[in-house]
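Please look at the sequence and the model shown below, and keep both at hand while you read the report that follows.

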Amino acid sequence: MPELNLTSAPAHLRHGSSIGQPLTRRDGVLKVKGQATYAADNHPPGMLFAVMAVSSIAHGRVTSLDVAAAKRHPGVIEIMTPDHKPQLAIDPEIKTNPFVFRMEVLQSNEVRYANQPIAVVIAETLEAATEGAALLAPRYEMLPALVGLDAGESFVPPVVGVGNPTENHRGDIEAGLAAADKRIEAVYETPPQYHNAMEPHAIVAHWDGDNLSVDMPTQGLMLSLGRIAELFGIAPDKIHIRSPFLGGGFGSKGLMAGPPVLGLMAAKLVGRPVKLVLRREQMYGPVGHRAPTRQRLRIGADGEGRLTALDHHARTVSSTFDDFYEPAADASHTLYAAPAIRTSHDAVRVNTGTPLFMRAPGEATGSIALESAIDEMAWACGIDPLAFRLKNYAEVEPITGKPFSSKALRACYDQGAARFGWSRRPLQPRQMRDDAGFLVGWGMGTATFPALMFQAEARAAIRRDGTGAMEIGAHDMGQGAWTALAQIAADAVGLDIDRVTFKAGTSDLPDAGIAGGSAHTATAGAAIHSAGAAVIAKLADLATHDERSPLFGAGNAGVIARDGRLIRRDDESRSESYTEILARAGVAEVEARGTGAPNPTAMEEYAMHAHGAVFAEVKVDPELGQVRVTRMVGAFAAGRIVNPHLVKSQLFGGMIWGMSFALHEEAITDRRSGRIMNANLGEYHIPVNADVPPLDVVTVEEHDPHVNALGIKGVGEIGITGSAGAVANAVWHATGVRVRRFPIRIEELLT
Amino acid sequence: MKQFDYVRPATVAEAVAAAAQPGATYLAAGTNLLDLMKGGVSRPDRLVDVTHLEGLDRIERLADGSLRIGALVSNADLAHDAGFAKSYPAVAEALLSGASAQLRNAATVGGNLLQRTRCAYFYDTASRCNKREAGSGCDARDGENRTHAVLGWSKSCIATNPSDFCVPLVALDAIVEIEGKSGRREITLDELHRLPGNTPERESALEPCDLIVAVRLPPAARGFAAHARYLKVRERTSYAFAIVSAAAALRIENGKIAEARLALGGVAAKPWRARAAEDVLKGVAPTADAFREAAWRALTDAKPSGDNAYKIELARRIVVRALTLAAAGTPARIPALPASPFASTSGAIHA
Amino acid sequence: MNHSISLTVNGARRDFVLDDPRVTLLDLLRERLHLTGTKKGCDRGQCGACTILVDGKRINSCLALAVSHDGADILTIEGVARGDQLHPVQAAFIAHDGFQCGFCTPGQIMSAIGMMQEAQAGNDPERIRECMSGNLCRCGAYAGIVDAVLEAQAGADESNQRRSA
């Protein structure tokens, strides 16, 4: 693939700073012309097609494969099976670090979940490989499948999420409940969900001796690189991964999963480039999902509607062979000021692919339960849901008692409610109808997501021709890294954005960390910011130490970089262009590296979260039970907004996921076989265009000096939280029926 | 997809002859067949491509006032034919509520009539399914079956027919023209689809080699144009199969229902004509009470086949609503959200 | 058995021999003609990422056998712009941020162009939403998509008026 050449968008108004400008996507032209190259669009000469055969049982072992029948099919070249495959350098069952999850790469005949890869057919054409895989007609020895939240004995996992304690408490829950005037206890269930990025997982792998070229969508170039290196026993510098565009990730392309490794193995086996693309149904198993939960909330409130206790317990599942536990109850740590809070988790093991991170893991599942319960409690107290939330507004983080680094949630409530018209909401449910007779309901939810930071590095350069370069192995899965990070880069090196070459998306660039946790812009942005500052410092050194420069001796006063010039901070009439400085110094370019990392001191001192308030209107057919969301308003405070245009899109997307959580998506598992019966996009419902009403997003001004150098909190995931509960609460308000099992189904509203 | 032999006959006679080979099946647009072939549900040895046959893509008004729709007319072309939509608005509305615009552009009238069930156990080749493999059993019976049949099902099969198009068509007494080994014949659409009984693998009255060449709407079908609707409850606002749907068509004279037609979708292995309900409505005023009585009659024989008792009550309510909407009059233009409960943006939805 | 077929793809006639009748239009475009702008999201007619225009009508190319479309006139995303001059729908998608990851975008744009030619939705946002519901977008860019179509439709209406004036 040629180096990515981003066509810059039409000229935009800018006022000195790129950050904060609503630029259109710099990769927009490529994307609308079909020229953005996703992994499966690559086709190196001599390439073969690999197709996985997957298990139709959830538990047992493969006893036979009709390899001969598959081989007889014209065009089939090789069949990779547990008995016939390249050896890996290490056992894939070994977890070499906390971000390694076990995968199935034909290491045995064992089947641990439905849709597990059991063989790979490699052929001259896609048609031959596909039919070859069908002809394998596997036979199995079947064992009973563990299915559902009551599949077996429950246990308390050692940690949930990524190293979170399984249990947390502050204050005395039972005393708080005993002292309460009003108590509720409610159980909510959320289903398994699958990321279903529009782009199926894909890999094009090409071995050239020990050198390996990989086209693969990944949210973590360096983690993938490291995992490939250890699995195949090759030096990381022999591997080149290209991932310029991801067709959506949502967490499913974060960590190396089995299928891309099978693609690498297949290419090695046949000694030719190989393309392996998952079929849609194969995405329901080996590439992660959101685990189902059953959450019990017990809440107490005093006569004034102030919380006395908040107890949140979540049951979830993990696979039979690895550990990831949806930290759903942790959603209750940050939002409501109860003097007693307890969160806890337990789990059962089921025959499923290991659940993993899916957009707002824990936060999304926990939020819909918590926000529903808070709504129930407000109703029990006879208080408006917004007033109730304000009454229990947390001035410090409830679970830790730490101050917030910043928290503009009150402004979110105010601005969102005003925009929505919340004050006209009747307290009682089932009070509003539109002129066609539909029940109308208004619901709200509070959104929150932690402001995280990972580690990243960037390289900046300023060249004698007055242009700059910024390099970082960042990932654009749709959130807009190509644009937002370039904006940060432009400001970092004091140049117009069109004068900065911004490189990202390949593994030969500095490590940008993982695109996850809503932290990529903050983390990569901090590295870019710091690399820019470092390169400007080098340039400033050249100028301020040179007697011939108008900036000579300005070292103490300092300089600022703007529009390709260094300007004396205390005297703006004294400045010099980058070109002049570098020409005189006789250097072609100066370069420097910078890093972005969390600040442990600030983290110790402050609770860091983005916040928001989401308001939803639904209409429900009073007799037929069909629901339609007709309006949503979200007000979010997420620190500095790098690009309002892209941020709005991210928040819209999150709100739509929230709506989908409440009303649409659910993987339906056959309770006997453990197979997912709707592993497709026809019956695993995600919202279509007609489901999505006019959406309104308000971004509330928020300056946070503590989260990171740029004050960015991240917006990738927060949109789901709050939104799911807002829609569910609106359904209650419309109908008077409280549905506690999600998604809300028509039959539950047929009263 | 299994390897197959592809033939493209030039005439209907050649097509019928080409289909005589065992394992042969007709290919029209392929929007259903290719999906089934990709899933391994259908593994034909020969595809007889009928898409290039002459003369099957016409919509013709016949001398007796019937309308003859060629089997290769696309769903979209039919629904967007202004004359058609005006005369048979419930059919156009049903067509436009099905699938997506892309699929409707490709899918044909004949193909839609033979659309296979969306039962997940039929699609899942690792499950037992009497329809897919005669005598293998039915895993849907004790499985995930909240969308399955409540009428006409048997112990062998509880699948439903997913077609929207067929629901108003069966209400309007559509006739299916078939070309087969022994020449042309015709049957009513009601006779085309079979209930499962002990042989759910036999889905239709078609014999091997039979090719649907046209669908005909008899002259009387035009008489309902002023009061005809299709209503479909689903789990997304668009691009989803019906949980339950209904087509209601009324001929109202002097404030009384001279004739009523009613059919249900998503409830049985065939589009379900509710004749008993029609009889109740004949000669009475179009009132809420009458519609409720009709709804009750329409579902008299309904029983849950699994976790789907709610569908019976839902079907009753849909019948009442569809009749109410039909009585209120066909809208001048097909609504923005065809067949959706949310199609009406103003005016009472209540009976 | 080989099948000789002839297609017009983005204005150019292509004659070729197909060695396998199982090849869909989508796989033909992507894997044999290397026109990879058209995307495969589900391969089962359930997502719309593979939408192309065949004889002027938008269809799911994943559910169309190439051999059956002998003689067809095909327009893909690669044939929409004129050089650097974007089609109005393309430009509107950029202006209104009608996409995030961009994977469904070629299908969305082809669908929007097809829809405008069908002339059923006009400038009614509700009809546009319904008529664009065959194109899933997991990023949730629907609001931008509708705005983009509205703008493109307004532009088309304006130029039609100019033409008829």
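This is a predicted model: local features need pLDDT of at least 70, side-chain atom pairs count only at pLDDT 80 or more; totals for chains, interfaces and linings use all residues.

Residues are numbered from 1 along each chain as its sequence is written, and chains are lettered from A and ligands numbered from 1 in the order in which they are written.

Chain C has 5 helices and 5 strands, taken as DSSP runs numbered from the N terminus (helices are H or I with at least four residues, strands are E with at least two). From the N terminus on, the elements of chain C follow the order β-β-α-β-β-β-α-α-α-α. Chain B, in turn, has 13 helices and 12 strands, and 61% of its 351 residues count as buried.

The table sets out some values for the two chains.

| Chain | Residues | Radius of gyration | Span along principal axes |
|---|---|---|---|
| Chain B | 351 residues | 20 Å | about 60 × 50 × 35 Å |
| Chain C | 165 residues | 16 Å | roughly 50 × 40 × 30 Å |

The radius of gyration is taken over C-alpha atoms, and the globule rule is 2.2 Å times the number of residues to the power 0.38.

Where chains B and C meet, 28 residues of chain C are in contact with 23 residues of chain B, contact meaning that the C-beta atoms of two residues, placed from the backbone, lie within 7 Å. On the chain C side, β4 (57-60), α3 (105-118) and α4 (125-131) each supply at least two residues.

The largest nonpolar core has 449 residues, and among those with the most contacts inside it are Leu485(A) and Val319(B); such a core is a set of buried Ala, Val, Leu, Ile, Met, Phe, Trp, Tyr and Cys residues joined through C-beta atoms within 7 Å. Helix α11 (residues 520-544) of chain A gives the most to this core, with 12 residues. Not counting residues up to four places away in sequence, Leu485(A) touches several residues, including Ile472(A), Phe502(A) and Ile528(A).

Key. A residue is buried if 20 or more other C-beta atoms lie within 10 Å of its own, exposed if 12 or fewer, and partly exposed in between; C-beta atoms are placed from the backbone.
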